[in-house]
Amino acid sequence: MPLTNLMGTYYQSMDVKGRMSFPTKLREIIGDRFIVTKGIDGCLFVYSLEDFGELSEKINALPISKARKLQRYFMAGAAEVEADKQGRILIPQHLRDAAKLVKDIVVAGVSGRAEIWSRDAWDKLNTEFSEQDALEAMEELEF
C-alpha cells in the first residue's frame with residue numbers, strides 16, 4: 001500500500017539543461033530527494049525514497065524469470081534527484097529521452113506516485129480516456 005497520496009496536475013517548463021521546477025505541494029509529501037524512473041505509457045514515474053524501496057523489494061521477491069525485465073526497466077535507469085533551493089530538479093538525459101521531454105512538461109500526482117509527461121503526450125492521453133470510460137471503471141469499483 002503506498003505511503004503517499006499524491007494528487008493534482010501541474011504545468012511546468014524544462015530548460016535546455018533538463019532542469020524543471022518540481023511542484024512544492026508534491027515535494028511536501030515525498031520530500032526534496034526522490035526517485036525518477038521510466039514509467040508506462042510514455043511518462044516518467046516519481047517515487048518517494050521509501051516507496052521506491054518498497055517497490056524494489058516487491059520486484060526482488062519475484063522469481064528471476066519474472067523479475068529480471070522489471071528490474072532492468074524500473075531499476076537500471078532510475079535516478080535519485082534532489083531539489084535545489086528554488087525547488088528545481090535535474091532530469092537525466094536518458095530519462096528525458098525516454099519520455100520525450102523537451103520544454104512543456106506536466107507533473108501529475110496519481111496516488112502512490114507522481115508522473116512527469118511531455119505536454120503533448122499528456123494532452124493526447126487525456127483525449128483517449130472519455131467520461132464514459134471513467135463511468136465504467138467507477139461502476140466496477142461500485143463507486
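Predicted model: local features only at pLDDT ≥ 70, side-chain atom pairs only at ≥ 80, totals over all residues.
**View 1. Helix α2 and its dimensions.** Helix α2 comprises residues 49-61. With 13 residues, α2 extends 18 Å from its first C-alpha to its last, close to the 18 Å expected at 1.5 Å a residue.

View 2. Residues D51, F52, S56 and I59 of α2 are buried. Viewed down the axis of α2, these buried residues fall within an arc of 140 degrees, so they line one face of the helix. In general, an α-helix has 3.6 residues a turn, so residues three or four places apart point the same way. The elements covering the buried residues of α2 include strands β3 (33-38) and β4 (44-48), together with helix α3. On the face turned away from the buried side, α2 carries the exposed residues E50, E57, K58 and A61.

**View 3. The packing of helix α2 against helix α3.** The axes of α2 and α3 (residues 64-75) come within 9 Å and cross at roughly 155 degrees. Because angles over 145 degrees count as roughly antiparallel, α2 is roughly antiparallel to α3. From α2, residues F52, S56, I59 and N60 meet A67, L70, Q71, F74 and M75 of α3. By class, this contact has six nonpolar, three polar and no charged residues.

**View 4. Residue K69 in helix α3.** K69 is located in helix α3. Its relative accessible area is 58%, and K69 is therefore exposed, the cut-off for this class being over 50%. The C-alpha atoms of K69 and G87 are separated by 33 Å, the two residues lying 18 residues apart along the chain.

Methods:
Residues numbered from 1 in each chain as written. Heavy atoms only, no water. Axes fitted to C-alpha atoms, helices over the stretch in contact; angles between N-to-C directions. Helix = DSSP H or I, 4+ residues; strand = E, 2+ residues; numbered from the N terminus. Parallel < 35°, antiparallel > 145°, perpendicular 65-115°, else oblique. Contact = heavy atoms within 4.5 Å. Nonpolar A, V, L, I, M, F, W, Y, C, P; charged D, E, K, R; others polar. Expected span 1.5 Å × (residues − 1). Buried < 20%, exposed > 50% of the residue type's maximum accessible area, 1.4 Å probe, protein only. Arc of directions from axis to C-beta.
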